[in-house]
Amino acid sequence: NKLIMHIDMDCFFVSVGLRDKPELRGQPIAVTHSIGNHATIRDGVNAQNEIMAYRKKLESTGKTTKEKTEEHWSCNINEMDSMSEIASCSYEARKVGIKNGMFVGQALKLCPNLKFIHYDFNSYKEVSFILYNTVARYTIDIEAVSCDEMYVECTELLNSASMKPMEFAKILRAEIKQKTGCPCSVGFGGNRLQARLATKKAKPDGQFYLNEENVVSFMHSLPVADLPGVGGSTNYKLRNMGIKTCGDLQNISLSSLQEELGKKLGEILHKNCFGNDDKSLTFYHVRKSVSADINYGIRFENDRERDSFLKQLSEEVSNRLTSIKMKGRSITLKLMVRSKDAPEETAKYLGHGVCDQISKGTTLPTATSESSFILREVLKIMKNINVNCKELRGIGIQITRLESQQPADNKLKQFLSANQKVTKTDEISMPSTSSMKSFSNIRKTYDDLSLSQIDQSFLDAMPVDIQQEIVSNLKHSRTISSLLGKQHKVKNSEINHGKEPKESNDTSKEENRESIDQPNQNDGMKTYISPKELRLLIKQWVELEEEPSSRDVTMITQYLRHLVAAEHLEDLLIIIKSFYRYIFFIK
């Protein structure tokens, strides 16, 4: 049967921070930039007024009970308490009621002996890489959720290894803990929902398998708040309907749920309460939006300062789009505006304070990634909203309805089909041990073709979109060729300067790796291609070619055989699985 594994590191920030602080293990710990409960008193600041504004805003929503209101941080903090936020806390801290996102001042009232450690982003990145690399040794059928959480399709893996889920989990968890020094929890289930709920049951530092026979009884007693997508507002609505557990939810008809919660959410919860989830894992990530948001330090004296900031933010969004070679048709401006009851100066220096959220968008006739176009639309939206610039406390720009910056290839192919005599095949040389001397049709470039070589009258007769496509593709071709040339120079420079290869416990494997990975300068190579670069070229090949030629297939096969000869089996597996995914998702 299909089996999904869910892996989640336990109190990730805390666990990483305690690796070099063993004396703090077992104590209540919080990760924050604060060093204690000492609020900074500044002239013109009335923190108590801000706290009251938060409380008033909470009550005005009408989406909380009296008990929940009394538990809110605004009812458990005063103007002398620190308002630094807790990013993560240990299980010892959670036992006394401390939660992620809570203010330090409120947390210290619950746990006076709470210990603080600071952020260590370099270590978070290091441990995250180790985690993913460890799992990828077994399979790359991974859906990344965050830096410390993932789903893994392990049906084929466990069947081929003839292992039971709990046996594999024990081995994997031990390996992760040995390599990272941090514990993790693992859950198994027939779908992603069951796997995630199993991990929640396994925490901390445990493992749990929710098998098919136990799903019904497990779900019946599960609190409805544990279902994904059930936040404070939804839980409040469900409680008003008398629903506390999934068993209660199972007795409600689909139509009643959709009437209260909306068509989509009602349908999802109706499925989830029985343990059903038809959403499959996503190995091939599709980017849906690009954005940049800033809600700290936003203070403007006039519209000129505001517009200057919007220009910089538009350029940042444009750069992010360009870096992933995407453009978008929908632009949304998100604003945080100081609430009318909130003090002008916030208790947290340059913080956003109590705000109202405003979000407005527009759709363009054609997709863009140009900062000037983004800025133009954002300024139009800002003008229509008509908000006093001095009241702004946060600004964000989001681009959605994304599409590739690369022009469609079919029209260009038709135009250039009669000009193949001027095309040039990239030669991607291989080591001397290989008969693979070129990789002719992986992608087509037109290094020798320039606009001056095209009959201008013929080009003018083409439709405008084809003209733009031709010019763009020629520029893109020269950019790729320039990049490959730079890569070759860098690799040759490393060889000429005698850089030492990475250490290895197996000398014979290292010698084989050098014979495969290092270019042989006597072969008159122009470019050396590594396994990583091959994956990128294979992707372009699959995207651009209607069907593979026998010569290309032979060349790729020979390259993969040399990986086998050098015992680079991990590289081989990654390339083959990547090839499969490119074909499956692109074709």
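Helix axes are lines fitted to C-alpha atoms over the stretch in contact, and angles run from 0 to 180 degrees between N-to-C directions. Helices (H or I, at least four residues) and strands (E, at least two) are DSSP runs, numbered from the N terminus. The structure is a predicted model, in which local features need pLDDT of at least 70 and side-chain atom pairs count only at pLDDT 80 or more, while totals for chains, interfaces and linings use all residues. Residues are numbered from 1 along each chain as its sequence is written, and side-chain values use heavy atoms, with hydrogens and water left out.

The axes of α13 (residues 254–261) and α14 (residues 263–272) come within 7 Å and cross at roughly 135°. The α13 helix is therefore oblique to α14, oblique being the class left after angles under 35 degrees (roughly parallel), over 145 (roughly antiparallel) and 65 to 115 (roughly perpendicular). Their crossing is right-handed, meaning that the near helix is turned clockwise from the far one by less than a right angle. In contact terms (heavy atoms within 4.5 Å), Leu254, Leu257, Gln258 and Leu261 of α13 meet residues of α14 including Lys263, Leu265 and Leu269.

Nonpolar cores were defined as sets of buried Ala, Val, Leu, Ile, Met, Phe, Trp, Tyr and Cys residues joined through side-chain atoms within 4.5 Å, where buried means under 20% relative accessible area, exposed over 50% and partly exposed in between (1.4 Å probe, protein chains only). The largest such core has 32 residues, and those with the most contacts inside it are Met5, Ile7, Met9, Met150, Val152 and Cys154. Elements that each supply at least two of its residues include β1 (4–9), β6 (149–153) and α8 (165–180); the largest share, five residues, comes from α6. Because domain 1 (11–117) and domain 2 (126–273) both give residues to this core, it lies between them; the domain bounds come from an automatic or database domain assignment. A second, separate core of 28 residues includes Val337, Val378, Ile381 and Ile397.

Asp552 is found in α22 (residues 550–565) and counts as buried at 1% relative accessibility.
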